[in-house]
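Morning, everyone. One structure today, and a few minutes on it. Let me put it up.

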Amino acid sequence: MGSGPQRTGERYFGLHTKGTGKARISLSEEFLTYSLKVTPCNRKYPHDWASCLCGHKGERATRRDLRTHNYLPIACEYAKQRLECPRGDDCPHSHNLFEYWLHPKRFRTEMCLFRSNCDRRVCFFAHSSEELRQLQDGLPPAELCWRLQRGVLTA
Ligand SMILES: [Zn+2]
Ligand SMILES: [Zn+2]
Ligand SMILES: [Zn+2]
């Protein structure tokens, strides 16, 4: 039905609802910000992209590697309107929620509404004041269309 593989990453990671009833997986900040949905998947057989931590060609959650692509956690004007960006991989702005919120400059810069009750498998937000990070380089607060509503991403 309906939404197809491109949205399943978001569903799996519980971005639209409070968790998915699955236990939180423990991943380092380094892995979350630099590798999750970045590393190209090398599985040769069909599998559920959503539950795979790698990126896949054509998957909407796939992120460009920050070590080879220089983009900021600012929403691309085209991506916000769900249009194809003419700058493609050279665009200096984020093309999806994963690029935006997992960027080291925006990751965990807002508190998670669910705090310690959060059971998202992967959560972009902070669960304690120790986890909370400062937005760097005078970046703008979360974009209107990609912002949080009651702690749930609404894009
Ligand atoms: Zn995979
Ligand atoms: Zn763009
Ligand atoms: Zn959370």
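Start with a question: is R115 buried or exposed? R115 is exposed, with 12 other C-beta atoms within 10 Å. The cut-offs: buried takes 20 or more other C-beta atoms within 10 Å, exposed 12 or fewer, partly exposed in between, with C-beta atoms placed from the backbone.

Some ground rules. This is a predicted model; local features need pLDDT of at least 70, side-chain atom pairs count only at pLDDT 80 or more, and totals for chains, interfaces and linings use all residues. Residues are numbered from 1 along each chain as its sequence is written, and chains are lettered from A and ligands numbered from 1 in the order in which they are written.

Back to R115. Its phi is positive, about 45°, and it is not a glycine. Most residues other than glycine have a negative phi. R115 sits in the loop between α4 and β3. Helices here are DSSP runs of H or I, at least four residues; strands are runs of E, at least two; both are numbered from the N terminus.

R108 lies in the loop between α4 and β3 (148-149) too. R108 also has a positive phi, about 55°. But R108 is buried, with 22 other C-beta atoms within 10 Å.

Now the core. The largest nonpolar core has 14 residues, and F98, W101, L102 and F124 have the most contacts inside it. Helix α4 (residues 97-101) gives the most, four residues. By nonpolar core I mean buried Ala, Val, Leu, Ile, Met, Phe, Trp, Tyr and Cys residues joined through C-beta atoms within 7 Å.
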